[in-house]
Amino acid sequence: MRKEKTWLLIVAYVWGGMWTGASVFAQVSVPDTIGGKVHVLDEVEVSASASRRNMMSTSPVQMLSKSQLVRQGVTDIADALRRFSGVNVKDYGGAGGMKTVSVRSLGSQHTSVSYDGMTISDCQSGQVDLSRFSLDNIQSLSLAVGDNEDIFVPARSVASAASIRLQTVMPELSERPFWVKAEVKAGSFGLVNPFVRYDQRLAEQVSMSLSGDFMRADNRYPFTLVNGKYVSEEHRNNNYIETWRGEWNLYARPTEHAVLNGKVYYYDSFRELPGPVILYNNVSDEELNERNFFSQLHYMNYWDNGFSLQLNGKFNWASSHYHDEGEEFPGGEMNNKYYQREYYGSVALLYTPHEDWSLSYAADYSFNNLTSNATLGVKPFRHTVLQTLAVRYRTSRLTATALLLGSLYLNEAKGGDPAKDARRLSPSVSVSWKPWEEQGLRIRASCKDIFRVATFTENYFGRWGTRDLNPEVARQYNVGLTFANALSRSWLEGLNFSVDGYYNYVKDKIVAMPYNMFFWTMVNLGRVDIWGVDVTLDGAFRFAPRHRLLSTLSYTYQKAVDKTDPSSAYYENQIPYTPEHSGAFSVAWENPYANVAFHATGVGKRYSAVQNIASNELDGYIEYGVALYHSFKWKRVDCSLRLDVQNLGNKQYSIVKNYPMPGRSYKVTLGINI
């Protein structure tokens, strides 16, 4: 009976939204050629510089293009995100180690990650490990907080408080039918990382790309262990990693107004999991083997009557095998295995009745399930229906966007009781205003209501999962100023600046609480208030025809405090792993000889637990790095050579308590294009 009710709710929910969209579609009888032309211009708008587009956004957006990633000496995706304001990266140390991101202290489950326009999901933990994506194949990386004026997107793209968007490199085959790029990286602590990419034109409007890479590292880096008056030199143990990654992409233009893209992705990794370093206990036998396969298809078409259609589909499969050894386990070992699957489909309609107005509707459906020997025989699955209605008004000086997200989560389970269903309407509004036509100054403001449901881990895992958790609700408010201008002075090419003040309110925060010394349980406890300021600045300076300086600066102030219980010892204490001050700086000198980039990232003191006492305090740190790179031709082959030195000052620090990060390390990259 419950299954029949579930499917009736899904059909009614989607059909109601689709009928509304179809009614709007049917009311238009006369094609508006002006509207059609304006929509074509929207498609071409990407030719503007990334920095200027970010400054014009109604909500905070930060972006790094492929050229900026090279210029700023970025070494991986986690390093790139550290350059953004408002971002906390959890890093357990070592090349390829697990890395998760929290934006503006909302938690990693409130941050979505999309890969070529489709959101990556993890129904088990709700967070995505960014170490599984290669920077070599990335064209651009962006971070959006809240929503912006881009309303022609799948509903799932706006179902999070913040979103990280990874866009891969598209083939450039205008002058030749194929292209080959190969790179090999070698570095400290046993790092070896070859990468190859092959682009091929299959027909006049059809091309493909095939890429793959392998990475291995021992990660046995040295560190200093201090225990009272005793000091010893140690090496990180049980930290080996080996990953394989492959990707195939298809790009087609079936008609002048249509785009069809497909992707097949596979990832396989084996990593040893180093334990925390506590009182000389540097021993761990934990291992994790992960596999992930997904395929996705994207289709988009637009017509001269002002309508556009977007279709997306995806299948995702992932497995994890956690292994540990010890006398405390039956038989001397633990083997936890997890398998999750997802089926996803999305349809979106965009209508542009006038050059200033756009309206959109999107409906997404996904089915997720999880099987594991850690859920006490329960096999949970979930139906998710997301729908959005959005309207945008845009002129040269004013952009205003309003969006309403409808969410429906229907939970079922084989072999046990399911978690509670959840449904909610989540509105968001954002505005950007340019007071003076000739100036590059803009004022923006936005607010967004969003929530997240409990993950399968939080609901079902043995000994601590809880079925009756309420969704975790977040409300975001942002007010900011931006300035973007290309200046006419010969020595100053451009200057971009933004400052945003924000307030986030989180209620019904899902946390793990101890029931006794051996059992924990998930409960809705929290209320967290988050106040902050994000500042970004970048400029380009030219002192000679072939010499430029490119500089970037980001700074974040955050006061994120627990407001749950006034009688508790940690009331109004800073929440764990959230520094009040953090920032990043880079300067690059482009010249005909060897380009040089110097960069630094730093954070203030943090606390590893909810109580802000000395035993939980982590010292602040600043990490410096330098990169030298040069491109040249050798026998008509384009070549590049790069040297990276990370943690130049050999500073010992920890991002996660008792997980020391590597000291000074080196990496050499050799690349060729054929």
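Five strands each supply at least two residues to the lining of the largest cavity in this protein: strand 4 (111-115), strand 5 (118-120), strand 18 (357-372), strand 19 (379-394) and strand 22 (441-452). Keep in mind from the start that this is a predicted model.

**A look inside the cavity**

How big is the volume of the largest cavity? It comes to about 550 Å³. A total of 31 residues line this cavity, and those closest to its centre are Gln109, Ser121, Asp122, Gly126 and Tyr409. Sorted by class, the lining holds 13 nonpolar, 13 polar and five charged residues. The model has five cavities of 30 Å³ or more. If you wonder how such spaces are found, rolling a probe the size of a water molecule over the atoms shows where empty space is left.

**The protein as a whole**

Now step back to the overall picture. The secondary structure comes to six helices and 35 strands. The protein has 674 residues, and 52% of them count as buried. Its accessible surface is about 30700 Å², with 60% of that belonging to carbon and sulfur atoms. Among contacts between residues at least 6 apart in sequence, 64% join residues at least 24 apart.

Tyrosine 659 sits in strand 34 (residues 659-660). Is this tyrosine 659 buried or exposed? With a relative accessible area of 16%, tyrosine 659 is buried, because the cut-off for buried is under 20%. Beyond its neighbours within four places in sequence, tyrosine 659 is in contact with Tyr92, Arg236, Pro274, Gly275, Pro276 and Ser654.

Tryptophan 531 belongs to strand 25 (residues 520-544). Setting aside neighbours within four places in sequence, its contacts are Tyr502, Tyr503, Tyr557, Gln558 and Lys559. The table puts one pair from each residue side by side.

| Pair | Apart in sequence | C-alpha to C-alpha |
|---|---|---|
| Tyrosine 659 and tyrosine 92 | 567 residues | 5.8 Å |
| Tryptophan 531 and tyrosine 503 | 28 residues | 4.7 Å |

Most residues other than glycine have a negative phi. Which residues have a positive phi here, although they are not glycine? Glutamate 572 is one of them, with a phi of about 65°. Glutamate 572 lies in the loop between strand 26 (547-562) and strand 27 (581-590), and with a relative accessible area of 43% it is partly exposed.

Asparagine 658 also has a positive phi, near 70°. You will find asparagine 658 in the loop between strand 33 (654-656) and strand 34. Asparagine 658 is partly exposed, with a relative accessible area of 27%.

The average pLDDT of the protein is 86, and 89% of the residues score at least 70. Over residues 17-49, though, the pLDDT is below 50, and this stretch has 30 contacts in the model beyond near neighbours in sequence. Residues 515-519 also stay under 50, and here the model has three contacts beyond four places in sequence. Where pLDDT is low, the predicted coordinates should not be read in detail.

Key
Residues are numbered from 1 along each chain as its sequence is written. This is a predicted model: local features need pLDDT of at least 70, side-chain atom pairs count only at pLDDT 80 or more; totals for chains, interfaces and linings use all residues. Side-chain values use heavy atoms; hydrogens and water are left out. Helices (H or I, at least four residues) and strands (E, at least two) are DSSP runs, numbered from the N terminus. Buried means under 20% relative accessible area, exposed over 50%, partly exposed in between (1.4 Å probe, protein chains only). Contact means heavy atoms within 4.5 Å. Accessible areas come from the Shrake-Rupley method with a 1.4 Å probe; for residues, only the protein chains shown count as cover. pLDDT is the predictor's confidence in each residue, from 0 to 100. On a 1 Å grid over the protein atoms alone, a cavity is a set of points where a 1.4 Å probe fits but cannot get out, and a pocket is an open set with protein on both sides within 12 Å along at least five of seven lines; lining residues have an atom within 4 Å of a point. Grid points are joined across faces, edges and corners, and a volume is the space filled by probe spheres set on the points. Ala, Val, Leu, Ile, Met, Phe, Trp, Tyr, Cys and Pro count as nonpolar, Asp, Glu, Lys and Arg as charged, and the others, Gly among them, as polar.
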